[in-house]
Amino acid sequence: MHPITTVHYMVLSAALLLIGTIGVLTRRNIVIILMSIELILNAVNINLVAFSHAFGPDHVQGQVFAIFVITDAVAEAAIALGILIALFRNKETVLADEIDLLKW
Amino acid sequence: MNFLDLIWLIPLFPLCGAALMLLIGKKLDPQPASDVAVAPGVEPVAGEPHAHGHPHSPLKFLISLICPGTILVSFLLSVGAVWQLSSLPQKVHQVIQFSWVAGLPFHLANGQMATLQADWGFLLDPLSAVMILVVTGIGFLIHVYSVGYMAHDNGYYRFFGYLNLFVFFMLMLVLANNYALLFVGWEGVGLCSYLLIGFYYHKKSAGDAGKKAFIVNRVGDSGFVLGMLLMLSVLGTLRFTDVATALHSGQFTAETVHFGVLSAMALLMFIGATGKSAQIPLYVWLPDAMEGPTPVSALIHAATMVTAGVYMVARSAPLFQLTPQTSTIVAIIGAGTAIFAASIALVQNDIKRVLAYSTVSQLGYMFLALGVGAYWVAIFHLFTHAFFKALLFLCSGSVIHAMGGEQDMRYMGGLKDKIKITHWTMWVGSVAIAGIPGLAGFFSKDEILWQAFSSPLGSTALWAVGFTTAAMTAFYMWRLMNMTFYGKSRVKPEVAAHIHESPRTMTVPLTVLAIGSVLAGWLGTSKLWNLPEFFRGFEGWLAPMFSSGAGEAVKESAQSSSTEWSLMGLSVLVAIAGIALARYLYVIKPGIPNRIQAAVGPLYTLLYHKWYIDEIYDFLFVNGLCKGGGRALGAFDREVVDGGVNGAGWLTRFSAKFSMWWDTWIVDGAVRFSAFFVKMLSYPVCIMETGRLQTYALFVVVGVLAFFGYYVTR
């Protein structure tokens, strides 16, 4: 059985990034978009942790950084959901393509 | 009592009378309900034939006392002043009451500075002495006459107020010591003349005649004013004494050869005189002025006002003595007017019109005398003419009064025994004007003819014209006498019953004037007669005044006395011939005039219609110059002025339209095009801005991928 190498993590990470990106770009529901953003962030986390592991036990900056990213993601999700609820109260929709005021 | 320093009182009295009448007169003489008067001098109520001379109310009687009274006082003051003047060595007395226009500096024509000064001052010298005696003396008699003549007229107070005002202005005119003050009187008498011609203002013809007189006089006055201004700018003064001094100072020489500035000045002055004294070409107003009441015709339009021009030219003698060319023009105009007016008088049928043209003709004589340099003779004729012409007019008024307003001589005749006093006084007047020796007209007229013949400025032609006029004068006056008083009565039956002699207030002045007409001439008898000095008093009184001139014009003629005797005899002969012819044609063979009339039809018509001068003037000036000019000006206003305004309006509208087009298409177009241009440029950018979150996210992704690809493939 092959050991799990850094390359595997990177493949997983790239897959998650791809899935997340496609989700952000294609899904209409903002909640899904937010979830896709979580996927992207987690793909980054996996990268950070994998490289941290690959550089050896003396290098923990990657893991610490991942924890910051998780914290950041939580805060971001909380604010985004708040905005989303306020948006829903005004517009009665959560579909991204119906909210198109940000233009000329 | 020093009358000489009181001469300012002479005009003051008539002024007070006038002020009293015109301010409160209406209260003294209440007007009847109907203000429409009947014909002049006619009693409105036929039922009271003895009402003559009895004014209706005591207050009206007061008017009859006050107004002639003021003139009488003036007359007495004048007599006193003239009496004292005659004892002065210099025979000139100047009183300057106060300065009227004081010291306005201005530049003379030669560049020197001078001050314009006009006094309210009086000058009494032999010339004005004669004038004030005539004005107040004749004026007083005519006032008395008017008391009777106007007794039944409405506006009694108004009439006397105007008449007194006239005497005031006339006295100012003749007593003034400078041209400016003379001009005040000059315009004042013009005003009174206008007011009195239009006295019967409800008659359109009277109003028209008044306006005609006023306007024609203004034409002359413009000349006078210009002459005065020219004098001011050349001589720097208007005071008579200073003008004479300046002219005699040697600075100016007689303009015998060229027509210089002095000649122009004299000519302009003379134009003023032609207006006031009814000479060609401005005589046309005088015959129409007969629309006024007859006493007015006598006082203003025969005896005094119309002689103002003669007076003014005589007053300007120092000027005219230096300008022989203008003097010649004066003489020619005078002689021309004399014969022209006399020719019209030959055929007129209105008794007052004959006298009016006779007045014009006699004034022509006076200007003839002035023109040949015989100034004292002109004033002498003025003096005698004042007597006999006032007398003739008043007599004609008396006749009209007797005839109940009839003025046409064709409906008179045979009045001799019905109105005896009028007849005899008029007989005296007619003899006097005809030039029968012994009466006033003979002396003055004969002297004029002799001067026209013998003076250096005179000529045989001027004498011949005057001589012919003398014959015509005798004829038309005796035609008038014969048609009125002699022969068969042609009076309309309804008038005949009422013919009556005039009241005493009218006949007494007639008698006094008749006596004057006989005696006045004896003050100026010819030298040939070798009478005592007294009988040549007029020449001795006046002639020295006019002889101080540099170019002494009137010198004793070299003509032999036998020539003068024969000329005198000749003029007496034609006078008698004229009288006899008139008697023959109009009394002995009354049918002949009609046959003559038929034989020389066109000539008669021409004379009867006064040479059509009125029509010509109407055509040339009233219709041609005034109305035509008015039309031309109207057209000019309509076409050019309005056209300019309309054109400016059109131009403004056009420029506004153009401006609007420019604004809409060019300015706005530029703005909008730039906006459109920017919008076009922005279009590609705009379509990327969908407003959708995911589009923007896609751009981010694409951008990241692009960077990524760039770094990978590098």
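This is a conversation about how some features of a predicted model are named.

Guide: The model is predicted, so local features need pLDDT of at least 70 and side-chain atom pairs count only at pLDDT 80 or more, while totals for chains, interfaces and linings use all residues. Residues are numbered from 1 along each chain as its sequence is written, and chains are lettered from A in the order in which they are written.

Visitor: What makes A:Glu92 count as buried or exposed?

Guide: A:Glu92 has 8 C-beta neighbours inside 10 Å and therefore counts as exposed. Its place is in the segment after helix H3 (61-91) of chain A, and phi of A:Glu92 is near 55 degrees, again positive in a residue other than glycine.

Visitor: How do you know whether H15(B) is roughly parallel or antiparallel to H17(B)?

Guide: Helix H15 (residues 375-402) of chain B and helix H17 (residues 440-454) of chain B pack at an angle of about 155 degrees, with their axes 9 Å apart. Angles under 35 degrees count as roughly parallel, over 145 as roughly antiparallel, 65 to 115 as roughly perpendicular and the rest as oblique, which makes H15(B) roughly antiparallel to H17(B).

Visitor: What makes up the contact of H15(B) with H17(B)?

Guide: The residues of this contact divide into seven nonpolar, five polar and two charged. Among those that meet are B:Phe380 and B:His381 in H15(B), and B:Phe443 and B:Lys445 in H17(B), where contact means C-beta atoms, placed from the backbone, within 7 Å.

Visitor: Which residues have the most contacts inside the largest nonpolar core?

Guide: A nonpolar core is a set of buried Ala, Val, Leu, Ile, Met, Phe, Trp, Tyr and Cys residues joined through C-beta atoms within 7 Å. The largest has 210 residues, and those with the most contacts inside it are B:Leu175, B:Leu368, B:Ala378, B:Ile379 and B:Ala390. The largest share of this core, 20 residues, comes from H15 of chain B. Not counting residues up to four places away in sequence, B:Ile379 touches B:Leu127, B:Val130, B:Ala314 and B:Leu542.

Notes
A residue is buried if 20 or more other C-beta atoms lie within 10 Å of its own, exposed if 12 or fewer, and partly exposed in between; C-beta atoms are placed from the backbone. Helices (H or I, at least four residues) and strands (E, at least two) are DSSP runs, numbered from the N terminus. Two residues are in contact if their C-beta atoms, placed from the backbone, lie within 7 Å. Axes are lines fitted to C-alpha atoms, for helices over the stretch in contact, and angles run from 0 to 180 degrees between N-to-C directions. Ala, Val, Leu, Ile, Met, Phe, Trp, Tyr, Cys and Pro count as nonpolar, Asp, Glu, Lys and Arg as charged, and the others, Gly among them, as polar.
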